[in-house]
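Here's a quick tour of one protein chain, meant for reading with the structure open beside you. We'll go from the overall build to the core, then to a few spots worth a click.

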Amino acid sequence: MPMACVTDFEAQARELLSKSTWEYIDGGADDGLTRADNVAAFKKIRLRPRYLRDVSQVDTRTTVQGQEISAPIGIAPTGFHCLAWPDGEMSTARAAQAAGICYVTSTYASCTLEDIVAAAPRGLRWFQLYMQRDRQLNKQLIQRAESLGFKALVLTVDVPKVGNRRHDIRNQLDLQMNLMLKDLRSPKERNSVPHLQMSPIDSSLCWNDLSWLQSITQLPIILKGILTKEDAELAVKHKVHGIIVSNHGGRQLDGVPASIDALTEVVAAVKGKIEVYLDGGVRTGGDVLKALALGAKCVFLGRPVLWGLACKGERGVEEVLSILKEEFHTSMALTGCRSVAEINRDLIQSSKL
């Protein structure tokens, strides 16, 4: 039976993956309130469609940081794709390139940056950084990504400490993870028996550190994990180029708002000065439309990409992206939007916000 929607892939991935791998991908922090809210919050939003608008030609293309993409849908940074499929991030990168969208590669990729770039040399890629305590290692990683043609640096800000993920504690998953980190080892170590512990993230990271990052790279810096107007205003003040409104898929602090519920506050705070994106809870093309109507420039997908990868590798990711793009096209046509520029707040029934 063909897969008709993204959640069809979720059901099949659950059957195919081991219990510990499924729970690592699926799980949230603590009681999983925010993880569930991310999806539920989209379902509460109602649309105001406009008709008789000649939607015989609908164009889903847009840009992120000046680079054209085929639709406002990207791949969020998630680690350890080899857990889901043997070729891991190389398969993900090829699917993103084929779809003409942006793939944000994680610090915790299970393939080297070089192998990912070689697999999809024409793809648009951003590099996500977890700031390590070793400044030299951060500098090497960033400059390596820049020299390999990554187009932006995405700094994750919501992990001064890893969230309390109960399934992973029960499954003792940290042991498995340490075997897969290639990019955080020195070149000598990379080819030897892996013994690196998951490098501790720098919990001293603060706003003043952004100037150091800006001094060592020409890449635009995007902050991932902002949820409040106060932090959004500080991001603008510190001259970053974008924000990803995100609660880490509900995997960090439980009890924060759903990403779509935090979006409006952040969009209002930046006053159009920088691009705002969103990840968390996007499961349909209608969700993409809702996020854009509320001010996001693009959405990024986390778990759905891993579901596609687990089911069919590169082809599975391509199918997930294709389903969402087609649903988004349909949602645009059915709300009277011929281009992404026509998607605005008027599409949202305000009493439901």
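A contact here means heavy atoms within 4.5 Å. With that in hand, 72% of the chain's contacts with a separation of 6 or more are between residues 24 or more positions apart. Keep in mind that this is a predicted model.

**Overall build**
- The chain has 15 helices and 10 strands. Its radius of gyration is 19 Å, close to the 20 Å the globule rule gives for 353 residues, so the chain is as compact as a globular protein of that length.
- Along the principal axes, the C-alpha atoms fill a box of roughly 65 × 50 × 40 Å.
- Of the 353 residues, 56% are buried.
- The accessible surface is about 15,300 Å², and carbon and sulfur atoms hold 51% of that.

- As background, nonpolar side chains in soluble globular proteins tend to be buried together.
- In this chain, the largest nonpolar core takes in 97 residues, and L129, L213, I243, I260, L278 and I343 have the most contacts inside it. Helix α15 (residues 314-335) gives the largest share of this core, with seven residues.
- There's also a second, separate core of 14 residues, with I69, C102, L124 and C298 among them.
- Want to see who L278 meets, skipping neighbours within four places in sequence? Its contacts are F42, I244, V245, S259, I260, L263, A291, A296, C298, V299 and F300.

**D279, at the end of a strand**
- D279 sits in strand β9, which covers residues 275-279.
- Is D279 buried or exposed? Its relative accessibility is 6%, under the 20% cut-off, so D279 counts as buried.
- Beyond four places in sequence, D279 is in contact with A76, K224, I244, V245, S246, N247, S259 and F300.

**Aromatic pairs**
- The structure holds seven aromatic pairs.
- One of them joins W126 and Y277: the centres are 5.6 Å apart, the planes are at 55 degrees, and the pair is tilted. It bridges distant parts of the chain, with W126 in strand β5 and Y277 in strand β9, 151 residues apart.
- W126 also pairs with F300, at 5.7 Å between ring centres and 45 degrees between planes, so this pair is tilted too. Here W126 in β5 and F300 in strand β10 (residues 298-301) are 174 residues apart.
- How buried are these rings? W126 has 0% relative accessibility and counts as buried, F300 is buried at 1%, and Y277 is buried as well.
- Elsewhere, ring pairs tie Y24, F80, Y108 and Y130 into a cluster.

**Helix α10 and its cover**
- In helix α10 (residues 209-216), the buried residues are D209, L210, L213 and I216. Seen down the helix axis, they fall within an arc of 130 degrees, so they line one face of α10.
- The cover over these buried residues includes β5 (124-129), α6 (135-147), β6 (153-156) and β7 (221-226).
- H238 lies in the loop between α11 (229-237) and β8 (242-245). Leaving out residues up to four places away, H238 touches W207, N208, L210 and Q214.

**T7, in the opening helix**
- T7 is part of helix α1 (residues 6-16). At 37% relative accessibility, T7 counts as partly exposed.
- The C-alpha atoms of T7 and P304 are separated by 7.9 Å, although these residues are 297 apart along the chain.

Notes
Residues numbered from 1 in each chain as written. Predicted model: local features only at pLDDT ≥ 70, side-chain atom pairs only at ≥ 80, totals over all residues. Heavy atoms only, no water. Core = buried A, V, L, I, M, F, W, Y, C linked by side-chain atoms within 4.5 Å. Buried < 20%, exposed > 50% of the residue type's maximum accessible area, 1.4 Å probe, protein only. Helix = DSSP H or I, 4+ residues; strand = E, 2+ residues; numbered from the N terminus. Arc of directions from axis to C-beta. Rg over C-alpha atoms; globule rule 2.2 N^0.38 Å. Areas by Shrake-Rupley, 256 points an atom, 1.4 Å probe, with all protein chains shown as cover. Phe/Tyr/Trp six-rings, centres within 6.5 Å; stacked < 30°, edge-to-face > 60°.
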